Amino acid sequence: MLLKAASTLSSLNIHDASDSSLSWPSSSLSSGLSSSPILRGSPAVVGRSGFVMFASKGANSRPLTGVVFEPFEEVKKELLLVPTVPQESLSRHKYGNDCESAINEQINVEYNVSYVYHAMYAYFDRDNVALKGLANFFKESSLEERAHAEKLIEYQNKRGGKVKLQSIVMPHSEFDHPEKGDALHAMELALSLEKLVNEKLLHLHSIASQNNDPQLTDFIESDFLIEQVEAIKKISEYVAQLRRVGKGHGVWHFDQMLLNGGVAAA
């Protein structure tokens with residue numbers, strides 16, 4: 001360790017190198033100091049404890065050993081990758097084209113499902129259907145899928161990708177079924193849609209894994225997959241309940257349960 005003699009004399013009680021209490025000759029000390037490539041030309045001070053303190057003007061220029069990270073050297077290759085074209089993203093890093101395309105496809109899936117749910121909301125809100133509980137359920141489902149699409153858009157921009165919105169297919173406007181009735185038919189369709197969305201999300205997750213993108217896989221797992229499993233479970237229970245009550249008066253009771261937040265009507 002290199003210490004400046006001027007800053008340590010007062011605290012360490014250092015004496016001059018000619019102190020009579022030292023047990024070695026001054027000639028050997030001076031020769032030993034002068035033989036070192038670092039100590040040569042450096043003023044030395046010897047104390048009673050036998051330690052030698054010295055200061056070297058060239059100490060900071062000595063190359064370090066055992067260094068595992070040199071930021072000013074390693075950052076040079078990253079500087080070469082910074083885009084200079086205004087049309088290119090500055091934040092994009094380790095984000096493959098396949099992942100970018102898959103995100104855009106999932107955005108389209110979420111918007112299409114939201115559109116179908118919105119059509120269901122419009123149907124059950126008709127005056128001659130008048131199932132307000134189902135209408136509210138599908139309206140909330142539509143808004144939820146739209147929020148998923150917007151979350152994916154935000155993530156695409158965050159990673160430096162470009163959002164490319166695609167066409168949305170016009171959904172059906174009638175959901176009545178001669179055997180099942182409109183409520184059960186719509187709920188089974190909703191269950192199929194949720195399973196389809198889950199399949200698409202798993203495909204997106206696999207693309208992220210194939211492209212070694214742990215940030216995208218974590219995003220899909222934490223923000224989508226858990227919620228998707230819960231949605232499938234809830235709608236599966238609704239389908240089972242509607243199959244029990246049939247097409248008659250039980251549908252009205254089920255609708256009231258949805259309208260009252262899960263509390264069955266008296």
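These legends walk through a few views of one predicted protein model.

**View 1. The whole chain, from one end to the other.** Here you can count 8 helices and 2 strands in the protein chain. Start at the N terminus and the elements come in the order α-α-β-β-α-α-α-α-α-α. Of the 266 residues, 37% are buried. As for who touches whom, take the contacts between residues at least 6 apart in sequence: 71% of them join residues at least 24 apart.

**View 2. Helices H6 and H7, side by side.** H6 covers residues 182-210 and H7 covers residues 214-245. Their axes sit 9 Å apart, and the two helices pack at an angle of about 160 degrees. Because angles over 145 degrees count as roughly antiparallel, H6 is roughly antiparallel to H7. The crossing of H6 past H7 is left-handed. Look at what lies in the contact between them and you'll find 20 nonpolar residues, along with 6 polar and 5 charged ones.

**View 3. Helix H8 and its neighbours.** H8 spans residues 249-259. Its buried residues are Gly250, Val251, Phe254, Asp255, Gln256, Met257 and Leu258. What do the buried residues of H8 pack against? Their partners are H6, H7 and helix H5, which runs over 132-158.

Technical notes. Residues are numbered from 1 along each chain as its sequence is written. This is a predicted model: local features need pLDDT of at least 70, side-chain atom pairs count only at pLDDT 80 or more; totals for chains, interfaces and linings use all residues. Side-chain values use heavy atoms; hydrogens and water are left out. Helices (H or I, at least four residues) and strands (E, at least two) are DSSP runs, numbered from the N terminus. Buried means under 20% relative accessible area, exposed over 50%, partly exposed in between (1.4 Å probe, protein chains only). Contact means heavy atoms within 4.5 Å. Axes are lines fitted to C-alpha atoms, for helices over the stretch in contact, and angles run from 0 to 180 degrees between N-to-C directions. Angles under 35 degrees count as roughly parallel, over 145 as roughly antiparallel, 65 to 115 as roughly perpendicular and the rest as oblique. A crossing is left-handed if the near helix is turned anticlockwise from the far one by less than a right angle, and right-handed if clockwise. Ala, Val, Leu, Ile, Met, Phe, Trp, Tyr, Cys and Pro count as nonpolar, Asp, Glu, Lys and Arg as charged, and the others, Gly among them, as polar.
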